[in-house]
Amino acid sequence: MVEMIPDIETIQEESTTSTSTPMGNGHETEIKMEKLPEKEEGEEGYSKGYESLDDYEEKPARVEVLDWYFYGFCTYLIHSVLIPIVFPLIVSQTVSWPPQPAQGWDKSPRGLVCREKETNLYQRLTHRSITVNNLNFSPLEWTSISWSIGLILAAPILGSISFNLDYGSQQVLIAAAATAIGAIFCLPVGFFKTVWIFLPYIAAIVAAHTVSTACHTRQLGLMVSSFRPTTLQQHGIPIRRAVSGWFSIFATVAGCVGSAIISAFTYHMLRESSDQEFISLWIVSIFSGLMWFGGMVHVFTSHRSKTNPTIPNSKLLYAFSIFKYPRAIGSLVGVFLSSFTTMCIFTGGVLFIVGQLCLKPVLLLYFWLVYFIFPLISLPLLQPLQHFLKADAVKMQQLGFLLSTVTSGAGFYFREKNWKVTLLVIFAAVQSTSTGLLHAFGRVLLLDCSPSGKEGAFSIWFSWIKSLGTFSGFAVSSAVPGKIGTSFGIAFCSAMLGIVMFIFGNFSDFDGAEDEGHVKDDSERGSPVHGLDAVAETKEHVLQAIS
C-alpha cells in the first residue's frame, strides 16, 4: 500500500538545492533549484499567472491522495456494474414472464444445454416486454432510455456549475450534494415494483454520478498542477507525467476493487430463489448506495482551492471555453471512443456468455472477477514499462485501443465457436487491461491540455463525454443481444478509429501541456518559471521527492 500512496510533503524550499540522480546512461546529472528573483514588470520568462514558487499549490498530503483513491473505490462501480448490470436485472424482475423461446427453456439458440433459470433470466433481459405507445422495449433498452435521460439532465447542470468549480468556494457543496443525491436514489429502488419508477431513479443516479466524476477529475488536475514547474530533458521523465499517471492508475485500480466486490455480491444474490431475486437485487443497490455515500469522506478531507487571477467576462459561456483548445477537443474524442469501445465489448461479451454459451453460472462470476481484479496486477506493472519506454498518455491510450482491437477482433473471428474457459479468461484479462488504460490515461491527457485554473471547466466535459460513450456502447450491444458479431465488429472499428486518430492527429501530452503553460519549450525544455532549471528527473527521483 505504501507504493500506492506517494507522500508529497518534503519538497525542498531552500534558496539553492543541489542533488544528483543517476541517469540511464550511467552518468549523473545535477539538479539545481535557485531562489526566484522578483518579477520585474514586462519581464519575459514567467509562465502566465505565476510569479514565484509561492504561487504553486501545496503538494497533496498522504491523506488527500488516499481519499482520492477511496472515492474511486466507491464510485467506479456505478458505471461499470450498477447501471449496466444491476439495474437491468432489477427492471427484468418487474416485467411479465417472457414467452418460451423456440428452442425451449433447456437449450440455447446454439443447441447447448442450459439451466432453465439462466435461460429465463436472459429472456427477461432481452425480450421486449415493456410497451409504451405501441413501442416495445426490453429491460436492457429501458435502462438505456433512462441512462439517456440522465445525460440530458446532467448537461445543463454541468454547464451551470462549471464556473463555480473553478471560482468561488462552492466546490465542496457541489461535490457533497452530487454524492448524497446519487447515493440516496440508490436506496429506494425496490419500494415500487413498476418499470416507470426506474426512469427517474436511473436518470438521477446518472446525473449525480456525472457531476461527482467531474469534481473528482478536477481534484486530480489540482493535485497534479501542484507539481509545476516541471522540466523535460532528453534523458529525463517529467514529474507531471509520472505523478499524473501514478495517481490515475491507482485510482482506477481502487475502483476495480469496488466493482469486483459489487459484481460478486450481485452473483451471490442471483443465486436466491426466483421469488426473492427482486429483493436480493434491491439489497445490492442499497449496498452500492452506501458505498457511494462513504465516498463523502473524500469531499470533506481533500478540498483544494485555487486562486485564479482573471475572472471571465461571461459566466454563461464559461463551460464552452474548451472549444478554444483543439488538443483538448481531440482528447475528448478519444475519451468517447474509448468508453464506447470498452462498454460495447463488455456488454456484448456478458450477453454472449449468458445467452449463447450457456456456461456454468459460476463461470460468469469468474469472468467478472478476472475482468475487475486483473487490472490490480496489469496496470501497476505497465507503469514501469511506460517510464522505461518514456511513453506519454497518448501512447498508453494507443496501447489500450490496440488491446481492444485484439479482443474485439478475436471475438468477432470466433463468434461462431463455443468458447472454452481458457479463452474466456484470457479475453477478460486482456480487455480489462485495455479498459483500465483507456480510463486512466484518458483523463490524464485531457488535464494535460487543460489551462491552469480551468480544470473544472474541462473536467465537466470529460465526465459527460465519458458517460455518453459508456451509454452508447451499452445501448448498441443491448439493441443486438443475440448478435455478438455486430457488437464486436462495431467495437473493433471504434478502436481502430481511436488508434488512427492518435497516430495521425499529432497528439502529445507534452504539446498539450506546453500549449497550456504547464511546461515551457525553450532551448533546454526548461521550467515555465524564470530562474528554475531542473533536469533529468527519473521515476526514482519523483518518488523520493514526494515521499
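This is a predicted model: local features need pLDDT of at least 70, side-chain atom pairs count only at pLDDT 80 or more; totals for chains, interfaces and linings use all residues.
**Entry 1: helices α5 and α14**

I began with helix α5 (residues 198–225) and helix α14 (residues 455–479), whose axes come within 8 Å and cross at roughly 135 degrees. Angles over 145 degrees would count as roughly antiparallel and 65 to 115 as roughly perpendicular, so I wrote down that α5 is oblique to α14. I noted as well that α5 passes α14 in a right-handed crossing.

Which residues of α5 meet α14? On the α5 side I listed Val 206, His 209, Thr 210, Thr 213, Ala 214, Thr 217, Arg 218, Gly 221, Leu 222 and Ser 225, and on the α14 side the partners include Glu 455, Gly 456, Phe 462 and Trp 464. Sorted by class, this contact has 6 nonpolar, 10 polar and 2 charged residues. I reminded myself that an α-helix has 3.6 residues a turn, so residues three or four places apart point the same way.

**Entry 2: helices α1 and α3**

Next I looked up helix α1 (residues 62–92) and helix α3 (residues 139–166), which pack at an angle of about 125 degrees with their axes 8 Å apart. That angle makes α1 oblique to α3, and α1 passes α3 in a right-handed crossing. His 79, Ile 83, Phe 87, Pro 88, Val 91 and Ser 92 in α1 meet Pro 139, Leu 140, Trp 142, Thr 143 and Trp 147 in α3.

**Entry 3: helix α13**

I then checked the length of helix α13 (residues 421–448), whose 28 residues should span 40 Å at 1.5 Å a residue, and its end C-alpha atoms are 41 Å apart, which agrees. Is α13 largely enclosed or largely open? I found that 22 of its 28 residues are buried, so α13 is largely enclosed by the rest of the structure.

**Entry 4: Leu 337**

I picked out Leu 337, which lies in helix α9 (residues 326–357). Its relative accessibility is 8%, and because buried means under 20%, Leu 337 counts as buried. Leaving aside neighbours within four places in sequence, I listed its contacts as Phe 401, Ser 494, Leu 497 and Gly 498. I also looked up Ile 499, which is 162 residues from Leu 337 along the chain, while their C-alpha atoms are separated by 9.9 Å.

**Entry 5: the whole chain**

Finally I turned to the chain itself, which has 17 helices and 5 strands. Of its 547 residues, 60% count as buried. Among contacts with a separation of 6 or more, residues 24 or more positions apart account for 82%.

Terms used: Residues are numbered from 1 along each chain as its sequence is written. Side-chain values use heavy atoms; hydrogens and water are left out. Helices (H or I, at least four residues) and strands (E, at least two) are DSSP runs, numbered from the N terminus. The expected span of a helix is 1.5 Å times one less than its number of residues. Buried means under 20% relative accessible area, exposed over 50%, partly exposed in between (1.4 Å probe, protein chains only). Axes are lines fitted to C-alpha atoms, for helices over the stretch in contact, and angles run from 0 to 180 degrees between N-to-C directions. Angles under 35 degrees count as roughly parallel, over 145 as roughly antiparallel, 65 to 115 as roughly perpendicular and the rest as oblique. A crossing is left-handed if the near helix is turned anticlockwise from the far one by less than a right angle, and right-handed if clockwise. Contact means heavy atoms within 4.5 Å. Ala, Val, Leu, Ile, Met, Phe, Trp, Tyr, Cys and Pro count as nonpolar, Asp, Glu, Lys and Arg as charged, and the others, Gly among them, as polar.
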